[in-house]
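Have a look at it first, then go through the points below.

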Amino acid sequence: MSPIHSSIALSKAGAHYGHLSIPYSYNLGGWANLQVPIASLRNGPGPTVLLMAGNHGDEYPGQVAILNLWRELEITEITGHLILIPCLNPPAAQAGTRLSPLDGKNFNRCFPGNPKGTPSEILAHYLTTVVFPVADVVIDLHTGGRSLTFLPTAHMHLVSDTTQRKAMLSATEAFLTDVAFLYADVAGTGLLPVEAESQGKIVVTTEMGGGEVVPASVHRLCQRGLRNVLIHSGVLKGDLVTRTQPVRWVQALDREDYRFAPESGLYESCVDIGESVQEGDKVGRIHFLERPGRKPILVVAHAAGMLIAGRAPSMVKQGDCVACIAHDVDPWGALK
């Protein structure tokens, strides 16, 4: 049993707005509860779509997009059931951090969760056991946060079930980004999308840029794409927008596609996000403030492709991911 108390019932028809209350204690609050906002819009038969952002606190475009929907959507626009969680990690969002200040956890490494664990683990368990099972579609909006800047993309895992994969490919393309991205997990297990995929859900995720500054164009892209995916899923009424040009699909499924800093230092980007590279091209250089005369270490492309993500902060530590190189692919071809 989860210790979380929900102030709304997801099974009730109509529009309901409330909180998930997660018990925890701190020095000045022995009986405190972390309040995570949640809304439920249920109107007749149709699909159930779970929409979330703020998995990492320092990733804001998705949070803004869902907050706009929270205020703007009318129940008459819904066919089926739409569940909105604009920020999964409010303490991290308020602190501008990737990890939760309450427990130091990366929420996206906490699944399937633990009802007797930390606040992050308790919420992960609640999503896994209570919310995911009732959803048909799970949307988890990300950016590169403060650590990486991404070419704005909708992305997904290459799931093995072909029916699920086809549905995810279609939903990903409905986000209307020029580039769509197949990615691999190179930094641990316990991811939210993986748990939802394992339950057979249609999962759509994004990387809407990154870094401290969010351009207005990225906000517009995120909000436009999100509405279109909801229309595509059948939960939101409206006219579906279709692209005039095909989506460019790229993938980074090999660990070598992710380039890590071999030493700590001051990172110089030598290629802009979205640019093409060839094998051996210089992607970046690491300089050494304490040894100005030392020759910089090069970070090079291991193969031809596109720089889809790069380091955001200039200072790097050994082992930080400083670049991701993706390669063109036709994910539909294997399904024909």
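**Notes on side-chain contacts**

1. Arginine 227 and glutamate 72 join their side chains in a salt bridge, 3.2 Å from N to O. The two sit in distant parts of the chain, with arginine 227 in helix α6 (residues 216-233) and glutamate 72 in helix α1, 155 residues apart. By salt bridge I mean a side-chain nitrogen of Lys or Arg within 4 Å of a carboxyl oxygen of Asp or Glu. Helices (H or I, at least four residues) and strands (E, at least two) are DSSP runs, numbered from the N terminus.

2. A word on the source: this is a predicted model, where local features need pLDDT of at least 70 and side-chain atom pairs count only at pLDDT 80 or more, while totals for chains, interfaces and linings use all residues. Numbering starts from 1 along each chain as its sequence is written, and side-chain values use heavy atoms, with hydrogens and water left out.

3. The cut-offs here are under 20% relative accessible area for buried, over 50% for exposed, and partly exposed in between (1.4 Å probe, protein chains only).

4. The axes of α1 and α6 come within 9 Å and cross at roughly 55°, which makes α1 oblique to α6. Axes are lines fitted to C-alpha atoms, for helices over the stretch in contact, with angles from 0 to 180 degrees between N-to-C directions. Under 35 degrees is roughly parallel, over 145 roughly antiparallel, 65 to 115 roughly perpendicular, and the rest oblique. The α1 and α6 crossing is right-handed, that is, the near helix is turned clockwise from the far one by less than a right angle.

5. How many salt bridges does the structure hold? The count is 11. One of them pairs aspartate 58 with arginine 146 at 4.0 Å, N to O. Aspartate 58 lies in the loop between β4 (48-52) and α1 (61-72), and arginine 146 in the loop between β6 (137-140) and β7 (148-150), 88 residues apart. Aspartate 58 is buried at 6% relative accessible area, whereas arginine 146 is partly exposed at 38%.

6. Glutamate 121 also has a salt bridge, to lysine 105, with the closest N and O atoms 3.3 Å apart. Glutamate 121 belongs to helix α3 (residues 119-131) and lysine 105 to the loop between α2 (90-95) and α3, 16 residues apart. Glutamate 121 counts as buried at 18%, and lysine 105 as partly exposed at 28%. Elsewhere, shared partners join Asp58, Arg146 and Glu212 into one salt-bridge network.

7. On to the rings: there are six aromatic pairs. One is tyrosine 24 with tyrosine 26, stacked at 5.7 Å centre to centre and 20° between the planes. Rings of Phe, Tyr and Trp (its six-membered ring) pair if their centres lie within 6.5 Å; planes under 30 degrees apart are stacked, over 60 edge-to-face, and the rest tilted.

8. Phenylalanine 111 and phenylalanine 132 are stacked as well, with centres 6.1 Å apart and planes at 10°. Both of these phenylalanines are buried. Along with Phe107, Phe111 and Phe132 make up one aromatic cluster.
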